[in-house]
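Trainee: Could you walk me through how to read a model like this one? I'd like the general idea each time, and then the case at hand.

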Amino acid sequence: MTTASVTRSERLQNNFLKTLPRVYFALFVLLIFLGIVSPLSVAPSNLVNLIRQGAALGIVAIGQTIVLISGGLDLSVGSTVILSDVLAAMLISGRESSVAPVVSLVLVIGTFIGFVNGLLITRFNVTPFIATLGMNFIVYGAALVFSGGAPRGDIPDSMRFWGNGFIGGFFPSAALIWILVTIVAALMLRRTTFGRQLVAVGANRLAARLSGVRDQTVTLLAYTFSSLMA
């Protein structure tokens, strides 16, 4: 290997380390600390379990990230998840034939919640904190009313597989959905006009508006996407 190729390789490594977000270094240090304190916590089986259990939260976090990039905040995602779970379990009640229509219904309801959040913020000038906090209480109350305070129902094994199952006996199926959603979100942010407009609105809303960006539409779509992920 020539000196020039070694220098080029070192330069690429240094550039990669400089562009790598600091949070990954913090995560690496945390894993080392956990391995020292409790070696079982970093065992492969436990890490796979953490990925499986954290996939749903990761998908919600992707939606929240889109809102944060736009300069907003969505406090209603928690109760949106609760309402979705309650509706899905009670309406499906273990019936395979009900999975597709109920899942579609739940996705529509989640999208509608985000759409209302976006309307409150863009059309009625309600601050994101107040709008989404109020929506959080409304949606949580709707879940309590619908369930009567005692959730019932069940989901079939085919649907349970995508939450708790494993592909090939070792790869969490929920992680596959998480990865696919992450790829779609990353492509949306980096390769689409909406992604560039989203970043522009979050960086400087007035400048984006003066540049021709329809900032209210971008904000509305960001909150709608967030609730859809929830």
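Mentor: Let's start with charges: Lys and Arg count as positive and Asp and Glu as negative, while His and the chain ends are not counted. The place of a charge is NZ of Lys, CZ of Arg, CG of Asp or CD of Glu. Here the protein has 15 positive and 7 negative side chains, and the centres of the two sets lie 14 Å apart.

Trainee: What ground rules apply to these values?

Mentor: Residues are numbered from 1 along each chain as its sequence is written, and side-chain values use heavy atoms, with hydrogens and water left out. This is a predicted model, so local features need pLDDT of at least 70 and side-chain atom pairs count only at pLDDT 80 or more, whereas totals for chains, interfaces and linings use all residues.

Trainee: What pLDDT does the protein average?

Mentor: pLDDT is the predictor's confidence in each residue, from 0 to 100. The protein averages 90, and 92% of the residues score at least 70.

Trainee: How many helices and strands does the protein have?

Mentor: Both are DSSP runs numbered from the N terminus: helices are H or I with at least four residues, strands are E with at least two. You get eleven helices and two strands, in the order α-α-α-α-α-α-α-β-β-α-α-α-α along the sequence.

Trainee: What should the 16 residues of helix H4 span?

Mentor: The expected span is 1.5 Å times one less than the number of residues. For H4 (residues 77-92) that gives 22 Å, and the end C-alpha atoms are 22 Å apart, which agrees. Just after H4, serine 93 takes a positive phi of about 50°.

Trainee: Which residues in H4 are buried?

Mentor: Buried means under 20% relative accessible area, exposed over 50%, and partly exposed in between, using a 1.4 Å probe and protein chains only. In H4 the buried ones include Val77, Leu83, Val86, Met90 and Ile92. Over the protein, 31% of the 230 residues count as buried.

Trainee: What do the buried residues of H4 pack against?

Mentor: Contact means heavy atoms within 4.5 Å. Their partners are helices H3 (44-69), H5 (99-122), H6 (128-147), H7 (157-164) and H11 (215-229).

Trainee: And where does leucine 187 lie?

Mentor: Leucine 187 lies in helix H8 (residues 173-191). With a relative accessible area of 47%, leucine 187 is partly exposed.
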